[in-house]
Amino acid sequence: MVRGWKTKTGFAAALLLMGAVMMAQPPLQTQAAVRKQTESAVGVKAGGSSTGLTGSEKEQETEETVLAVMMYSYSDHAGTNRNVQRACNAIDGITVSPGTVFSYNNTLGRRTKENGYVMAPSYAGAETEETIGGGICRISTALYNTALRSNMTILERHPHTKEVDYSRGGLDAAVTDGVQDFRFRNDLTVSVTIHAQYDEYGYVVWMTAQEEDAGERRYDPWSEKIEDGWYRAYLSIYENGKLAYTRSLGESYYWGSRMENRSVAEKENQRG
């Protein structure tokens, strides 16, 4: 988290005006780039406040600190995007008190047509098939990366069976209704709030807190590819702009991708 980077609640609409920028940038933004883009979009400076608000709007808003922001472009599948929007609606505005555990599955509820989810592609081993709620892993992945950058304690996270095109290997978060969950605990001394919004360009997930307790500190998740379908992830912690230490986030094995790649290689060898 970065001390002094403050804004006002309710600036999501202004963030979404950045859609053209989101489309032009890689899916995962660095915190420095996000900070610069956010300040440009909403008129916020370090220690300052947003501009363009009426007096009544200013009175209704509470100053908060942005802990981390992640922005992504939409899928080219309409069903996936509808499920993404449903997931955004479910987690937006959730406050996680100190010592409290957040569960993605519990927050979203059962993935059924009655709950607003539709058929969309999802991974089933090395294959892709249509399932109810397909695509919601885009939001669990965005939330995982946001939680890491906000210094949340990760309790449960799973990789997909195949690598995804919206996240680096080792930094995705797969969920399955009633089986695999994404969970984190807030070990800060203050409550944090999850925000998730979308427009015609894409979606943005961010976390805020009314105060900070960690000083000038930044958390950067990253990963390295060990071999085909196998990644090792890390979290680097910077204090006052300098690397303090790096800890492991574990390894992710995408066996579906390995099978798929081997199959492609075998077919190419047969042609040769």
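In which strand is the place of G250, and which residues does G250 touch, not counting residues up to four places away in sequence?

Author: This is a predicted model, in which local features need pLDDT of at least 70 and side-chain atom pairs count only at pLDDT 80 or more, while totals for chains, interfaces and linings use all residues. Residues are numbered from 1 along each chain as its sequence is written, and side-chain values use heavy atoms, with hydrogens and water left out.

G250 lies in strand 13, residues 242-253; strands are DSSP runs of E of at least two residues, and helices are runs of H or I of at least four, both numbered from the N terminus. Residues up to four places away in sequence being left aside, G250 touches Y231, R232 and A233, a contact being heavy atoms within 4.5 Å. G250 and G170 stand 80 residues apart in sequence, and their C-alpha atoms are 8.1 Å apart in space.

G250 counts as partly exposed because its relative accessibility is 27%; buried means under 20% relative accessible area, exposed over 50%, and partly exposed in between, with a 1.4 Å probe and protein chains only. On the same definition, C137 is buried, since its relative accessibility is 12%, and C88 is buried at a relative accessible area of 0%.

As to confidence, the protein averages a pLDDT of 79, and 70% of the residues score at least 70; pLDDT is the predictor's confidence in each residue, from 0 to 100. Over residues 1-60 pLDDT stays under 50, and the model has 128 contacts for them beyond four places in sequence.
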